[in-house]
Amino acid sequence: MVFKGLPVSKGIALGKAFVYTPFTATIDKHNISADEKAEHRYRFSEVTKKAADEIKKLQEKMSAEDTDKVGIFEAHEDILCDETIVDEILALINEESHNGEYAIDTVYEKYAQIFSEMDDELMQERSADFRDVKNRILRIWAGQEEKNLSQLDHPVVICAHDLLPSDTATLNKKNVLAIVTETGGNTSHSAIIARSYEIPALLGVSGVMASIQNNIAVIVDAVDGDLLVQPNEQETAEYEKKKAAYLHTIKELQTFRSIDPVMADGTRIDIFLNIGSVNDEELEAAAYTDGVGLFRSEFLFMQGKELPSENQQYYVYKKAVETYGERQVILRTLDIGGDKTLESMHLPKEDNPFLGCRALRLCFQKLDVFKTQLRAALRASAHGNLALMFPMVGSIEDIQKAKAHVEECKQELRKEGYLFNEKMPVGIMIEIPAIAVLADVVVHEVDFASIGTNDLCQYLMAVDRLNSNVAMYYQSYNPAMFKLIHQVSLAFEKAGKSLSVCGEIGGDAMAVMAFIGMGIKKFSMTGYNVPAVKRVISKLTMDKAQQLVGKLQALTMACQIEELLKAEMDELLT
């Protein structure tokens, strides 16, 4: 029996299944008497204290074993102590006469749902943190002891409907061959932890829990996205060979991480990094990348109930530019709005948030927030090579308006005696098709641009990229995508302006071959994708890349383009 899934952490594993079913609360909704309210309030207080003790112990354990994961439980501690959540739970008990379990479940589930509906994938995954904390409280309320994956005593393939952050953070990695879940995506905690531990992981394997039991043999192919349940001897032998070949390839691949991205004919390609913070883990890749092509500044705004001040932003941006020195750091201004909300900013609910008031559109409405960020960025530009980039640009008017606000901030800072780079580059994200079509005009309004392929594909294909019901229509390899990107590239090349690709496809080694043939020589990606992209670059010539583009132009379907790219890369790497 073979199941399909999303390979979020590459690798191949063969072993026995361990079916993991964490505690699930049974919620009984009923009204309580006035006398019972005091009892439920007291009980809620006590279970919260016990939950805090458990979280604190986990923090201490992680501090000794794996400091990278301490942040997960710091976030849980913040959620547990959130006054708004506590007040809402107590209000349901006191004012609505609801029993404690129902009140806890209702409030935490409300916030989990809010985050799950946000536009940004990383914020969607935060819904798991709320459910994790909720389950911890309800388990303690039910009087049950904690069980987690730290007690595994032999190597297994973990199979679960879903893994919560505390599940992945406490697992004993020495005894985890692979992870398989029915839910989750590339930015889920399971995916992040699996990649950091280099554990093969296959997520989104629909219906697998109904067909799998403890201790049966499974094969996890987190390269091609297959899960084999109870494989036969021939399949097992084939996958043993495939695993050995894959491990050999990975060992060879890592040698490319630190090389200069120079093509076989001597052409230099720039490899930049996508980051969301300035923690040591993200900035570690500074040692082998040419700069930051996308600094997602919105994550700084999502860390608390108050908007970050000008000084707070300044110090964060300053750290990034000082880390990279003369190498460029491109800061994307606040990209939020619609269903991507902030605790610190009230935003109206929109029926169609992807087409609503978000990113630059929202900044124009919240000028105080926008100008505070512009001032902080300008001040940070005095310490290194900082550039500013505006997202969700839809017209020439948008560009001119945003640049005018930059000039206003410059005038203010001059009067106040602040130093900044008078010639700080200003660019845009090309992610709305209208601005891509106008590339030959746009190029004269900006210093540079970066193609955000995630949203560009979404808007070009008229498909909600977060809606699994229409996932088949979200085609990154659609010929229209390549034609439009080629058109943009020609306009920027003619004008001698810098153009990069920073969406997910910018870290796709197959697509990079074609983009280089179109004249694009700058790519921004996660550190995880750097070795594979550098390997392809080192073996590619410009002549070969341009021939590939010629072949692409004759194709009319996404499947044809994907097939061609795979064949060309296989030939290149053999």
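This is a predicted model: local features need pLDDT of at least 70, side-chain atom pairs count only at pLDDT 80 or more; totals for chains, interfaces and linings use all residues.
Colleague: What is the strand order in the open sheet of eight strands?

Modeller: The order is β1-β8-β7-β3-β4-β5-β6-β2, and the pairing is mixed. Strands here are DSSP runs of E with at least two residues, helices are runs of H or I with at least four, and both are numbered from the N terminus. Two strands pair if DSSP finds at least two bridges between them.

Colleague: Which strands stand at the edges?

Modeller: Those are β1 (2–4) and β2 (6–9); each has a single partner strand, so one side of each lacks a neighbour in the sheet. On average, neighbouring strands of this sheet are turned by 30° against each other, direction ignored. Axes are lines fitted to C-alpha atoms, for helices over the stretch in contact, and angles run from 0 to 180 degrees between N-to-C directions.

Colleague: In which sense do β5 and β6 pair?

Modeller: Strand β5 (residues 176–181) and strand β6 (residues 201–203) pair in the parallel sense, over two bridges. Within that pair, V180 stands opposite L202 in β6.

Colleague: Which strands does helix α9 lie across?

Modeller: Helix α9 (residues 233–253) lies across β3 (12–19), β7 (217–221) and β8 (226–229), and runs at about 120° to β3. Contact means heavy atoms within 4.5 Å.

Colleague: Moving on to β10: why is it described as largely enclosed?

Modeller: Five of the five residues of strand β10 (residues 292–296) are buried, so the rest of the structure largely encloses it. Buried means under 20% relative accessible area, exposed means over 50%, and partly exposed lies in between, with a 1.4 Å probe and protein chains only.

Colleague: What are the parallel partners of β10?

Modeller: Strand β9 (residues 270–275) pairs with β10 in the parallel sense over three bridges, and N274 stands opposite L294 in β10. Three bridges also join β10 to strand β11 (residues 329–332), again running parallel. There, R296 has R332 in β11 as its bridge partner.

Colleague: And β13, how many of its residues are buried?

Modeller: Five of the five residues of strand β13 (residues 426–430) are buried, so this strand too is largely enclosed by the rest of the structure. Strand β12 (residues 386–390) runs parallel to β13 and is joined to it by three bridges. L388 has V426 in β13 as its bridge partner.

Colleague: Which residues touch the most other members of the largest nonpolar core?

Modeller: Of its 150 residues, Y108, F390, I430, F515 and I516 do. Helix α20 (residues 509–517) gives the most to this core, with eight residues. A nonpolar core is a set of buried Ala, Val, Leu, Ile, Met, Phe, Trp, Tyr and Cys residues joined through side-chain atoms within 4.5 Å.

Colleague: What does I430 touch?

Modeller: Not counting residues up to four places away in sequence, the residues touched by I430 include I435, A449, I451, L456, V488, F492 and L499. There is also a second, separate core of 19 residues, which includes A13, L202, M209 and I212.

Colleague: How many disulfides are there?

Modeller: The count comes to zero, a disulfide being a pair of cysteine sulfur atoms within 2.5 Å. C363 is in no disulfide, and its nearest cysteine sulfur, that of C357, is 9.1 Å away. C363 counts as buried, at 3% relative accessibility.

Colleague: What span does helix α6 reach?

Modeller: Helix α6 (residues 127–141) has 15 residues and reaches 21 Å from its first C-alpha to its last, close to the 21 Å expected at 1.5 Å a residue. That expected span is 1.5 Å times one less than the number of residues. Since 13 of the 15 residues of α6 are buried, the helix is largely enclosed by the rest of the structure. Just after α6, G143 takes a positive phi of about 80°.

Colleague: Last one: is K318 buried or exposed?

Modeller: K318, found in helix α12 (residues 310–324), counts as buried at 19% relative accessibility. Leaving aside neighbours within four places in sequence, K318 is in contact with A380 and H383.

Key
Residues are numbered from 1 along each chain as its sequence is written. Side-chain values use heavy atoms; hydrogens and water are left out.
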